[in-house]
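Dear colleague,

I am handing over the structure below, and I would be grateful if you could look through it alongside the notes that follow.

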Amino acid sequence: MSSKIPKIGSNGGYPDSRSASISPELLGLVKRTAIHLKGRLPSNVDLDDLIQSGLEGLIQAIDSFDESRNTSLEQYSKTRIRGAMLDDVRRMSQTTRTMADAITDKTRIVFVTNPNNPTGTWLTKTEISEFLQKVPANVIVLLDEAYFEYVDEADYPNGIDYLAQYPNLVITRTFSKAYGLASLRVGYGISQPDIADLMNRVRPPFNVNSMALAAAVATLSDDDYVAASKKLNDDGLKYLTTEFDRLGLPYIPSVGNFISFEIPAGKNISAADVNQKLLQAGVIVRPVANYEMPNHLRVSVGIEAENKAFIEALNKILG
Ligand SMILES: Cc1ncc(COP(=O)(O)O)c(C=O)c1O
């Protein structure tokens, strides 16, 4: 990768606009993802039609976004600004039935996060299937699989398996989580070609820069990195949940790289106050009151020393 940096950092090299031709490795990504796709997609689907326009592109492609419901993630604040309504995140994570029932003839797109943030909960194969069956064919389902690489539950669905049957499905994945490239802003989507085509028409030119693409390619050929990243997360979750149990703090079992824990009434301190005190101790967690979870805080799984520093601070705060 280092040999590529001077070249891609020079003025001459605009990023590869279609991203897919930057290198054999990136085509490798398409192919590796396509291992799951092959045989499941209709024969007219071109694997080059992986899309890289991001959610904004999709939203632009779908005019008049208002009256959609059910976004669960702050990251989708733009959808809310456009008039989308935020549903109860816990209700959503418990059942997709309420989401399907909330679809009206004005709904254009439904966002489903699997696993979900900030609960870390996940939908099973049956839940996803039942949901997709209920969604009208003219409504796009965006299945956000940002935490896909962390999950190894047998009943966790791979969205790609549903693409052939549901042409209204769009799957998004990211290099921000298990691949550790959050600051480079790179991810990908997988859809039928007609949706990819719409997004390609509205996306900004060169929307993924060359450095990000080169880094994505480098991590893709580095299975050990992703495995180590997953193990770090598994170990961290185990440590945090053990400590929450010891401290008497209920938590929502998570398959993501974060976990939401509760400050119960018996602790005589609010989650907001615990958050403030953690900040004073140099630990940043995420209050989730805006997800109608006022008694919870969400902590990201860090490296061992960070997890320990967090628990130490929490210990002190809770006395
Ligand atoms: C469900 C979900 N999707 C997407 C993202 C962000 O992904 P990206 O960094 O690729 O924008 C997050 C980040 O917190 C997330 O929780």
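Phe 206 counts as exposed because it has 12 C-beta neighbours inside 10 Å (a residue is exposed if 12 or fewer other C-beta atoms, placed from the backbone, lie within 10 Å of its own, buried if 20 or more do, and partly exposed in between). This is a predicted model, in which local features need pLDDT of at least 70 and side-chain atom pairs count only at pLDDT 80 or more, while totals for chains, interfaces and linings use all residues. Residues are numbered from 1 along each chain as its sequence is written.

Phe 206 is found in the loop between helix H8 (193–202) and helix H9 (210–220), where helices are DSSP runs of H or I with at least four residues and strands are runs of E with at least two, numbered from the N terminus. Although Phe 206 is not a glycine, its phi is positive, at about 55°.

Asn 268, in the loop between strand S8 (258–262) and helix H11 (271–280), is another non-glycine residue with a positive phi, near 55°. Asn 268 counts as exposed because it has 10 C-beta neighbours inside 10 Å.

Two cis peptide bonds may also be of interest to you: the bond from Asn 114 to Pro 115 is cis with omega near 0°, and the bond from Asn 117 to Pro 118 is cis with omega near 10°. Pro 115 lies in the loop between strand S4 (109–113) and helix H7 (125–134), and Pro 118 is likewise placed in the loop between S4 and H7.
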